[in-house]
Amino acid sequence: MKNILVTGSVGQIGSELTMELRKRYGNDNVVAGGRKTKPSEKLLNSGPFEVVDCTDIDVVNDVVRKHEIDTILHLAAILSAVAEANPQLAWDVNINGLYNVLEVAREHKCAVFVPSSIGAFGPSTPLDNTPQDTIQRPNTMYGVTKVAGELLCDYYYKRFSVDTRGVRYPGIISNETLPGGGTTDYAVEIFYEAIKNKKYTCNLGAGTFLDMMYMPDAIKAAIDLMEADPARLKHRNAFNVTAMSFDPEIIAAEIRKMIPDFTMDYDVDPVKQGIADSWPNNMDDSAAREEWGWEPEYTLPVMTKDMIEVLSKKLVQK
Ligand SMILES: NC(=O)c1ccc[n+]([C@@H]2O[C@H](COP(=O)([O-])OP(=O)(O)OC[C@H]3O[C@@H](n4cnc5c(N)ncnc54)[C@H](O)[C@@H]3O)[C@@H](O)[C@H]2O)c1
């Protein structure tokens, strides 16, 4: 990775991944691609920024040519809950946008990182210890686009030797940029509300177990996989990666260890609950561990402590 483009760099993962890539590979060598959302001063001032709508192949092509990009981390996407509200948009961005990026990568011989998701599974998938290779019949537009994306990435590697790589991210918990409309957003919001109001109304029901990961591990997964020796990779795209699995009761109990008077009640959102119920309770990520040494650092207690410490400072400053 010498000259890197991050699409969707203003989003939850992109905003932090771009800064880490700039630290490691040099500020000038990492182009932040954004679209409508205003980038933070930090992102805008620390390196090159380009407006990149991934549904416009000419724009993607021009930016890749202009900056002599050799690696694209393609994070631009429409997330699960927003995709259910606007499936046509989700198809356009998640499928046509990805196709454009892969075509440009083929033309300019770029490596490409594409995150898939736990949303690529469905109700007929074994939901406990979900295997790397298993049934994938999602019943959401997000899931449909994620499975198709995984297959498209495999195809571009096999057919055109494009160096595609990717992981299936679980719900990502972070304290810098708010999540962009996913089903696991509650696991971020709960921290903000616990600190600000000491109470939270959860939109997923008790007993809804889902895989989760703290942002530093999500960043590590992307960089470690892109740096991995390709000779070791039997899979290339869509590696299951996880760090922890919990339900709302378990994370609330963990928060209560630091904020004892925190209370939580429920107002279940049927759309989000339906999506969550079709996703794994916990994934088997042994293929990632074996093929490129994946190992998360953050457990639920360590993450909870860090989230509360960082957010408490941040919310006081505001
Ligand atoms: N955050 C999670 O919990 C999670 C979990 C699993 C997978 N993922 C995947 O990781 C990737 C990044 O997710 P995120 O959480 O940062 O999402 P996000 O919604 O926070 O960010 C995505 C960004 O893409 C941008 N975008 C939308 N349409 C675009 C277009 N046409 N062209 C260019 N940019 C466009 C949005 O403005 C946004 O800034 C996505 O592929 C997502 O599916 C995320």
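Guide: Begin with polar contacts: a polar contact is a pair of N or O atoms within 3.5 Å. Keep in mind that this is a predicted model.

Visitor: How far is an oxygen atom of the ligand from an N or O atom in the side chain of K146?

Guide: The distance is 2.9 Å. D53 also uses its side chain, with a polar atom 2.9 Å from a nitrogen atom of the ligand. Q12 takes part through its backbone, where a polar atom is 2.7 Å from an oxygen atom of the ligand.

Visitor: How many residues are around the ligand, and which come nearest?

Guide: There are 27 residues around the ligand. Those that come nearest are Q12, I13, D53, Y142 and K146.

Visitor: Let us turn to the overall layout. Into which domains is the protein divided?

Guide: Domain 1 covers 4-170 + 213-240, and domain 2 covers 173-212 + 243-281 + 298-317. Taken over C-alpha atoms, the centres of domain 1 and domain 2 are separated by 25 Å.

Visitor: How many residues of each domain are in contact with the other?

Guide: In domain 1, 28 residues are in contact with 28 residues of domain 2. Together the two domains bury about 2300 Å², and carbon and sulfur atoms carry 59% of that area.

Visitor: What is the count of salt bridges between domain 1 and domain 2?

Guide: The count is one salt bridge. For polar contacts across this interface, the rule finds 13 residue pairs.

Visitor: Which elements each supply at least two residues of the side of domain 1 that touches domain 2?

Guide: They are α1 (12-25), α4 (80-85), β7 (128-130), β12 (210-214) and α8 (215-227). The largest share, four residues, is supplied by α4. By residue type, this side of domain 1 has 14 nonpolar, nine polar and five charged residues.

Visitor: Now salt bridges in general. What should I look for, and how many does the structure hold?

Guide: Look for a side-chain nitrogen of Lys or Arg within 4 Å of a carboxyl oxygen of Asp or Glu. The structure holds 13 salt bridges. Another salt bridge pairs E20 with K23, with the closest N and O atoms 3.5 Å apart.

Visitor: Where do E20 and K23 lie?

Guide: Both lie in helix α1. They are three residues apart, about one turn of the helix.

Visitor: Where is the place of K220?

Guide: K220 is in helix α8. Leaving out residues up to four places away in sequence, K220 touches E295 and E297.

Visitor: Which atom of E295 lies 3.0 Å from a polar atom of the side chain of K220?

Guide: The atom is the backbone oxygen of E295. When reading such a pair, check whether each atom belongs to a backbone or a side chain.

Key: Residues are numbered from 1 along each chain as its sequence is written. This is a predicted model: local features need pLDDT of at least 70, side-chain atom pairs count only at pLDDT 80 or more; totals for chains, interfaces and linings use all residues. Side-chain values use heavy atoms; hydrogens and water are left out. Domain bounds come from an automatic or database domain assignment. Contact means heavy atoms within 4.5 Å. Buried area is the accessible area (1.4 Å probe) that two parts lose on being put together, summed over both. A polar contact is a pair of N or O atoms within 3.5 Å; within protein, one must be able to donate a hydrogen and the other to accept it, and residues adjacent in sequence count only if both atoms are side-chain atoms. Ala, Val, Leu, Ile, Met, Phe, Trp, Tyr, Cys and Pro count as nonpolar, Asp, Glu, Lys and Arg as charged, and the others, Gly among them, as polar. A residue is near a molecule or strand if one of its heavy atoms lies within 4 Å of it.
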